[in-house]
Number of protein chains: 2
Amino acid sequence: MIHYPNKKKPFQGKHSTTAFADRGMNLEDDLNKTNAYYLELNVANVHKKPTPVTIVKVDYPSRSKARITEAYFKVPSTTDYNGIFKGFYVDFEAKETHSLTSFALSNLHQHQIDHMLSVREKGGISFIIVRFVLKHETYLILIDDLVEFVKIQKRKSLPYQWVKEHAQLIPYKLTPPVDYLSVIDSLLNQGVIHEKV
Amino acid sequence: MIHYPNKKKPFQGKHSTTAFADRGMNLEDDLNKTNAYYLELNVANVHKKPTPVTIVKVDYPSRSKARITEAYFKVPSTTDYNGIFKGFYVDFEAKETHSLTSFALSNLHQHQIDHMLSVREKGGISFIIVRFVLKHETYLILIDDLVEFVKIQKRKSLPYQWVKEHAQLIPYKLTPPVDYLSVIDSLLNQGVIHEKV
């Protein structure tokens with residue numbers, strides 16, 4: 001199942017230059033800005049992985065410029081984001097939903113959940129970031145909590161109410177727009193996140 | 001400077017099915033096999049990042065299949081490989097050279113070196129893997145050693161002799177073909193790699 005074409009902008013790198021316009025930015029843009037901010041302040045190195053594509057045909061109109069003329073979107077084998085923070089390997093997937101009542105788990109592939117569990121088992125920090133667009137709220141859900149919910153409830157979506165009670169609300173700021181590492185840092189300080197292996 | 005079009009195969013996922021043919025495989029294929037092996041044995045989660053491309057035009061001949069008809073290769077902003085091993089964030093770049101006498105540092109972008117140093121500073125393990133194709137030898141060079149060499153020698157290439165003396169030879173095996181994590185593991189046991197922050 002390939003979601004990209006409708007969900008992500010086919011044109012990359014087009015950012016508005018006015019500050020006010022930023023307020024309407026999507027989660028991916030907000031995370032890019034946040035990660036750039038972390039990098040600049042030398043707090044963490046977290047990057048979005050490139051969109052995976054299968055390249056079929058490449059033209060070489062000149063020596064210097066190769067042009068891909070046929071390619072297809074591929075199902076990603078892992079999550080979209082990973083990196084390092086305070087010596088920890090961090091790994092997460094980020095999704096938006098326009099639902100007011102729940103986040104459908106069909107937004108995640110099973111192998112992505114398996115990947116995050118495997119990372120967590122090795123001493124990494126895995127989570128998902130979910131934005132309820134219409135509520136202007138963005139949450140961080142640790143993979144353990146997500147899996148626990150699925151095991152017990154056997155439901156195919158996370159009710160908004162459950163998220164509100166069990167997940168961490170990421171405070172909205174201008175800089176950085178989605179300060180998810182402040183949430184992770186506080187969970188580390190509280191001892192909520194397992195210690196290193 | 002974009003190297004991909006000549007260096008990487010435009011067709012992905014075409015592997016020979018005979019075992020003998022594998023012996024002629026390139027470093028990227030060998031690393032893919034090695035990482036798949038690590039994953040299967042639950043030793044580590046390390047993945048190659050997708051090749052970054054800027055997508056310009058997408059056709060939608062049907063609802064289900066989007067076809068990219070114009071895209072260009074992008075300069076990667078980080079390294080090609082990263083993941084988690086024994087709780088450590090690992091991050092590396094892998095290159096082949098056909099030279100018998102040296103490895104040209106122009107194979108690496110300055111921002112890739114900066115990235116690896118920044119990762120190392122945060123408690124991660126950063127290195128490059130260099131294969132001297134004509135010698136059938138593959139080496140692991142820690143970022144610290146690489147940077148130290150560059151600082152002192154101010155040269156634009158690593159002489160083969162220096163690599164032989166200062167880097168770790170990765171033993172060639174059939175399974176996995178490039179067992180670089182055995183080298184990292186032994187460096188960790190010897191205390192050569194810094195401890196976690």
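Predicted model: local features only at pLDDT ≥ 70, side-chain atom pairs only at ≥ 80, totals over all residues.
In chain A, six strands form an open sheet of mixed pairing. Chain B superposes on chain A with an RMSD of 0.0 Å, and 15 salt bridges are found over all chains.

- Strands E7 (residues 125-132) and E8 (residues 137-142) of chain A are antiparallel and pair over six bridges, with Val130(A) opposite Tyr139(A) in E8(A).
- Helix H2 (residues 27-40) of chain A lies across E1, E4, E5, E7 and E8 of that chain and runs at about 150° to E1(A).

**Relation of the chains**
- The same surface serves both copies, since 100% of the contact residues of chain B recur in chain A.

**Salt bridges**
- Asp144(A) and Arg120(A) form a salt bridge at 2.8 Å, N to O, which links helix H4 (residues 143-153) to helix H3 (residues 110-121) of chain A across 24 residues.
- Asp144(A) is partly exposed at 35% relative accessibility, as is Arg120(A) at 24%.
- In chain B, Arg120(B) and Asp144(B) form a salt bridge with their closest N and O atoms 2.8 Å apart.
- Asp179(A) forms a salt bridge with Lys173(A) at 2.7 Å; Asp179(A) counts as buried because its relative accessibility is 8%, under the 20% limit, whereas Lys173(A) is partly exposed at 33%.
- A network of salt bridges links Arg67(A), Lys57(B) and Glu70(B).

Definitions and conventions:
Residues numbered from 1 in each chain as written. Chains lettered and ligands numbered in written order. Heavy atoms only, no water. Pairing = 2+ DSSP bridges. Helix = DSSP H or I, 4+ residues; strand = E, 2+ residues; numbered from the N terminus. Contact = heavy atoms within 4.5 Å. Axes fitted to C-alpha atoms, helices over the stretch in contact; angles between N-to-C directions. Least-squares fit on C-alpha atoms with pLDDT ≥ 70 in both. Salt bridge = Lys/Arg side-chain N within 4 Å of Asp/Glu carboxyl O. Buried < 20%, exposed > 50% of the residue type's maximum accessible area, 1.4 Å probe, protein only.
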